[in-house]
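Please look over the model before reading on.

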Amino acid sequence: MALLDFILNLAALLLWLNWLSIHSDPLARASAASLIGTLKKADSSGPRRWKSLVGLVLLLGFRAVIYWQLSPTVHWSPTLSLGVIVLSFRGDFFTHVLLFSVMSFLFALATFYFWLVLLSVVNTSVPDKDPLQKLVRLHFRWLERWPAPIKLLLPFLFGALFWVSFHPLLAFLDITPGIKSTAQLFRQSAIIGLAAYLAWKFLVVGVLLLHLLNSYVYLGNHSFWNFINATARNMLFLLRWLPLRLGKMDFVPVIGIALVFLVCETFSRLTVWLPPRFYHLLPF
């Protein structure tokens with residue numbers, strides 16, 4: 001079921017991207033006075049952005065119905081990990097499953113945009129002639145010119161806002177305990193905001209692994225591998241001063257991957273590793 005949910009989240013993300021891409025379609029916005037505006041489109045009615053959006057809504061609703069029907073049969077209860085807390089939903093309650101369907105997609109969508117934030121920050125020196133980085137900048141163009149420190153704050157702010165927005169509904173449905181004060185809610189949202197940076201783990205580890213593979217196995221001079229190598233070098237710039245090269249062997253990416261796992265695992269297990277006397281300080 002977890003694999004099915006992952007695949008459906010990818011399908012929902014593609015529908016979202018398709019909805020956004022139609023807006024930037026040059027044939028959709030070109031005037032008849034221009035050369036491109038005289039080109040005949042295959043669909044004479046023009047692109048209909050609402051189709052992708054409606055398809056996205058139907059997908060989220062349809063999979064909620066499927067989960068609701070299958071959960072009692074396969075004995076599966078939906079869960080959503082937010083790094084420091086795991087939300088457990090009742091598979092036999094349709095409201096729980098529908099909320100899980102929406103939150104699971106929003107989590108996947110947020111992860112995608114957090115990846116764009118990181119690629120935008122670390123690859124500021126990569127020129128626009130790189131096709132993949134150009135795609136990142138085109139998709140992220142409304143924030144591309146912002147200063148890097150402000151862009152780096154976006155995952156924290158959106159993670160905190162996510163928790164503040166959904167916590168009242170989660171508490172109403174008894175998915176999470178209620179809060180005792182507004183200050184407690186703000187402390188919780190701050191922890192969730194910090195946990196939002198854990199979404200970078202999969203991107204960083206994936207890029208470093210591909211870079212490591214391409215370092216020892218020649219896979220051709222393709223723009224994808226050029227992008228991977230440039231991104232990996234930018235991610236590892238703080239470790240480049242370490243004497244971790246032995247002949248042709250470069251252990252910097254390995255150390256980088258180990259550090260990523262160490263930091264993420266330490267943060268996600270914060271409630272396990274803290275001494276008991278500090279438990280009362282945790283907001284959850």
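Buried means under 20% relative accessible area, exposed means over 50%, and partly exposed lies in between, with a 1.4 Å probe and protein chains only. This is a predicted model: local features need pLDDT of at least 70, side-chain atom pairs count only at pLDDT 80 or more, and totals for chains, interfaces and linings use all residues. Residues are numbered from 1 along each chain as its sequence is written, and side-chain values use heavy atoms, without hydrogens and water.

His-96 is buried, with a relative accessible area of 5%. His-96 sits in helix H4. Helices (H or I, at least four residues) and strands (E, at least two) are DSSP runs, numbered from the N terminus. Beyond residues up to four places away in sequence, His-96 touches Phe-89, Arg-90, Leu-173 and Ile-175. Contact means heavy atoms within 4.5 Å.

The axes of H4 and H8 come within 9 Å and cross at roughly 50°. Axes are lines fitted to C-alpha atoms, for helices over the stretch in contact, and angles run from 0 to 180 degrees between N-to-C directions.

| Helix | Residues | Contact residues |
|---|---|---|
| H4 | 94–122 | Phe-114, Trp-115, Val-117, Leu-118, Leu-119 |
| H8 | 200–216 | Trp-200, Phe-202, Leu-203, Val-204 |

The contact residues of H4 with H8 divide into nine nonpolar, no polar and no charged. Ala, Val, Leu, Ile, Met, Phe, Trp, Tyr, Cys and Pro count as nonpolar, Asp, Glu, Lys and Arg as charged, and the others, Gly among them, as polar.

The chain has eleven helices and four strands. Buried residues make up 37% of its 284 residues.
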